[in-house]
Amino acid sequence: MTVESLLAEPVLRGRLLGGKAGLRREVTWCLPLAELPPPPGAERPAAGEDLAGIAVYAPAAELAAAPDSRRLLSGLAARGAAAVLARLQPGTEPDLGPLMRAADTAGLPLVRLAPEADYHRVGRLVAVKSIADTAHVLEYSVRVHRTLGEVFASGSGLPALARSMATLSGGSVLILDRGGELLARAERDRAASDAEWQELADSVHAKAAKARPHAAGAGHSGRHVGPARDLDVAAPWGERLHVVCAPVGVAGEPYGTVAVVEPVLAPESHALAQHRVIVEQGAPLVASEILRQRSVTEAEERSRDDFLDTLVHGRFTDAHELEARSRHYRFDMDARHAVFVVAMPAASAARAQAVQRAVAGVADAASGGAQSPGGTGPGTAGAAPGHGKGFTMATLMGRLLVVVAEFAAADAAAPFDAQAEKTALQRYGRWLHRLVAGRADSAAQIAYGRAATGAAGVAASFREARITLELSGRVQVPEVCGYAELRVFAAVEEAAASAQGREFAREVLEPLRRADGQTGNLEQVVLAYIAESGNLNAAARRLQLHRNTMLYKLERASRALQMDVRSAETQFTVWLAHRIQTLNDSLRVLQAELSPPA
């Protein structure tokens, strides 16, 4: 009930003296001026709008005799009073001019009452109308809650809830998340683009966030239905809109906002009251639906991450489990897959999760069309190069992002093209690097294994990708590097894993390391000499040594090795021993990860 609707009653009709700007104030009760609680001060802490909804009843003569009528009315307005009802005494006609001007200044309606309108009559009128309005609101609230509850119970999701609220309100409905992102909308009499609706959602979110602190209540627990708020928002298409919104939250945690939107001149007071009921009844159901969807999403993500972890480590208990879970996640056992490992050492955990969601989101968006990663598309940071319906999953393992991508299904009719597959792997790796680099705000190293068939192929590709990533910290490689590009390490891996290989590397390199002393690292001297193809001056420049110092160190290295380092055979021997040792060091670091407990 507003002051405007109260003035429609015969006893009050046509008696407004001032404060027309406050006619939309809500009235819930009536109290005499003498019975009002004292204003907040030193003895009583501020209580906010402690007179909200109160129509203040007072003799007109008493108000006119107040020493400062402007201060009196502005104080009542500041405390949230709805109106001032000034009753004339029989045979008196006080000067109400100052009161009328003060009411206009404060925006507080000043109503003149006839002598027969005593407090009991006016108070009973306000109470009856307020109780009737409350009963009507409760009845309407129950109907709205039942309607929306049925939609929620059907499990139709947020779009269905938005459509039901739009049907009930006759306006458009927006459901936003905590960051202002548009989760669902239902349009009424307005066909705007997605970008325009999102821009409107941003404006609603910004204004609702400013209004929310004033509406915060204390002591809320469980599902929290915040009070509805009226906002005036400019639409991207140039129209002024009236928005009735309510916060969506669970256990005090904000989840978002639900809003009913109409042209600013369209809604009447009764319609706005209905809109407030709709958003306040809809907010807890929207919160429950968001919570349900979040729980389902988190459960799906945990299950997906567990499947991917089991897949790359080859830890399936039996063939039946592998087949069942592969069918659920549409993992083609006959297709070729490759594993990409992304290291973002400087990225925070939150940033790494954001990158993982971005990669997974692109994969999900691409799964409805386009080609497979082996296609010929150019590839950009926004779309995987030719990646279409093939299986792709991304998950975080510690601080590493692991991506498994399908590249080609087995086709007996088409000959296998190793070079085309290699090109596709390189293209996908470069695309992945662009995507990650644009979101990680830090350097990223991407390593990948060779594509192989089935679940065993994924485990083998992951092993190669991790070895490549570990080697990238020991030898110079590009930002995107595949296991096949480290041909030498791939070729000597079997030898490096054998006892003979390890003994060979130790026997060659140990004399150089023992002879280091205070003269510097002879192993690095010889390796620099080999890297410069035996060019003494170039090797000295690489190590920033004098030419004579370089000669002296090479002679000491020859004596330690008991071989002439200038010979090609000796250089090859040292080079090979160093590669085997480097690979062994990498495998030793990865041993626990690549062979985790079952």
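Student: Which residue in β3 is the bridge partner of tryptophan 29?
Tutor: In β3, isoleucine 54 is the bridge partner of tryptophan 29. Helices (H or I, at least four residues) and strands (E, at least two) are DSSP runs, numbered from the N terminus.

Student: Where do these numbers come from?
Tutor: The model is predicted, local features need pLDDT of at least 70, side-chain atom pairs count only at pLDDT 80 or more, and totals for chains, interfaces and linings use all residues. Residues are numbered from 1 along each chain as its sequence is written, and side-chain values use heavy atoms, with hydrogens and water left out.

Student: In which sense do β2 and β3 pair?
Tutor: Strand β3 (residues 54-59) pairs with β2 in the parallel sense, over four bridges. Two strands pair if DSSP finds at least two bridges between them.

Student: Which residues of β2 are on its covered face?
Tutor: Cys30 and Pro32 are on the covered face of β2 (residues 29-32), whereas Trp29 and Leu31 are on the uncovered one. In a regular strand, side chains alternate between the two faces of the sheet.

Student: On to helices. At what angle do α5 and α6 cross?
Tutor: The axes of α5 (residues 119-153) and α6 (residues 158-169) cross at roughly 150° and come within 9 Å. Therefore α5 is roughly antiparallel to α6, a label for angles over 145 degrees. Axes are lines fitted to C-alpha atoms, for helices over the stretch in contact, and angles run from 0 to 180 degrees between N-to-C directions.

Student: Which residues of α6 meet α5?
Tutor: In α6 they are Ala160, Leu161, Ser164, Met165 and Leu168; they meet Tyr140, Val144, Thr147, Leu148, Val151 and Phe152 in α5. The residues of this contact divide into nine nonpolar, two polar and no charged. Contact means heavy atoms within 4.5 Å. Ala, Val, Leu, Ile, Met, Phe, Trp, Tyr, Cys and Pro count as nonpolar, Asp, Glu, Lys and Arg as charged, and the others, Gly among them, as polar.

Student: New topic: what is the phi of serine 533?
Tutor: Serine 533 has a positive phi of about 60°, although it is not a glycine. Most residues other than glycine have a negative phi.

Student: Is serine 533 buried or exposed?
Tutor: Serine 533 is exposed, at 67% relative accessibility; exposed means over 50% relative accessible area (1.4 Å probe, protein chains only), and buried means under 20%. Serine 533 is in the loop between α15 (522-531) and α16 (536-543).

Notes. Parallel < 35°, antiparallel > 145°, perpendicular 65-115°, else oblique.
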